[in-house]
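Here's a quick tour for anyone opening this structure for the first time. Have a look at it, then read on.

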Amino acid sequence: MGQKTISLRRAAHVAVLSLVVIPITAALTAPRAAAEPRKRAQAETATLARRMLAQLKVARPLSMRGYKRERFQPRWEHHKGTCSTRETVLARDARRVRRDASCHPVKGSWYSPYDGKRLTSEKQVDVDHVVPLAYAWRSGAKRWSKAKRRAFANDLTRPELLTVSHSANIAKGGQGPQSWRPQRRAYWCRYATSWITVKHHYRLFVTRRERVALLNMLRTC
């Protein structure tokens, strides 16, 4: 009788342990399972980006002679009513944004993917051209029409416009990926694929060093 009681107690103890272990195991495996589709999607995006990059012409950069920002963007274009391209991007990338009657954001929260900063003032953020206007000029935009340059500078369809911290935007300037990369390595994959997507759509060429830098960044995908 005593042995039977002990056996029953052991069985109950094992059952309790099983109830504890199973949820813990499930909790550990759930994030891994959720991450798998994301990794696959990222890998597929990187594969497509490599194909697009291979299709781009490799050439030496053109001269900066004649470049002026105004040749791309004398001002931000307007889209919906009084909303400019800049105001549209700031609203798109913000959380809990509040705008005044003229569409200007007066309150909101922004995350800068380049450096991981969270910002709560519109004065702390900039709308970055992922492929800088000056860099695009040297990559072939110098030969474009005025209308095409303006369309490029205000493109809301391609991943060309992004809200980032003012400090990150200043640090980047007009540099390419061979000279400047986002401070957050976790964003390199997204940055490289965005850069390539824009250049591929507009048929802008790349330099050899730029191409190598982009391929290195795609390795993080």
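Let's start with a charged pair: Glu-122 and Arg-86 form a salt bridge, with their closest N and O atoms 2.8 Å apart (a salt bridge is a side-chain nitrogen of Lys or Arg within 4 Å of a carboxyl oxygen of Asp or Glu). This pair ties together distant parts of the chain, 36 residues apart: Glu-122 sits in the loop between strand S3 (117-119) and S4, and Arg-86 in helix H2. Both Glu-122 and Arg-86 are buried (buried is under 20% relative accessible area, exposed over 50%, partly exposed in between, with a 1.4 Å probe and protein chains only).

**Where this comes from**
- It's a predicted model, where local features need pLDDT of at least 70, side-chain atom pairs count only at pLDDT 80 or more, and totals for chains, interfaces and linings use all residues.
- Residues are numbered from 1 along each chain as its sequence is written, and side-chain values use heavy atoms, leaving out hydrogens and water.

**Helix H2**
- Of the 8 residues in H2 (85-92), 6 are buried (helices are DSSP runs of H or I, at least four residues, and strands are runs of E, at least two, numbered from the N terminus).
- Those buried residues are Thr-85, Arg-86, Glu-87, Val-89, Leu-90 and Ala-91.

**Other salt bridges**
- The whole structure has 6 salt bridges.
- Asp-128 and Lys-172 meet in one of them, at 2.8 Å from N to O.
- Asp-128 and Lys-172 are both buried.
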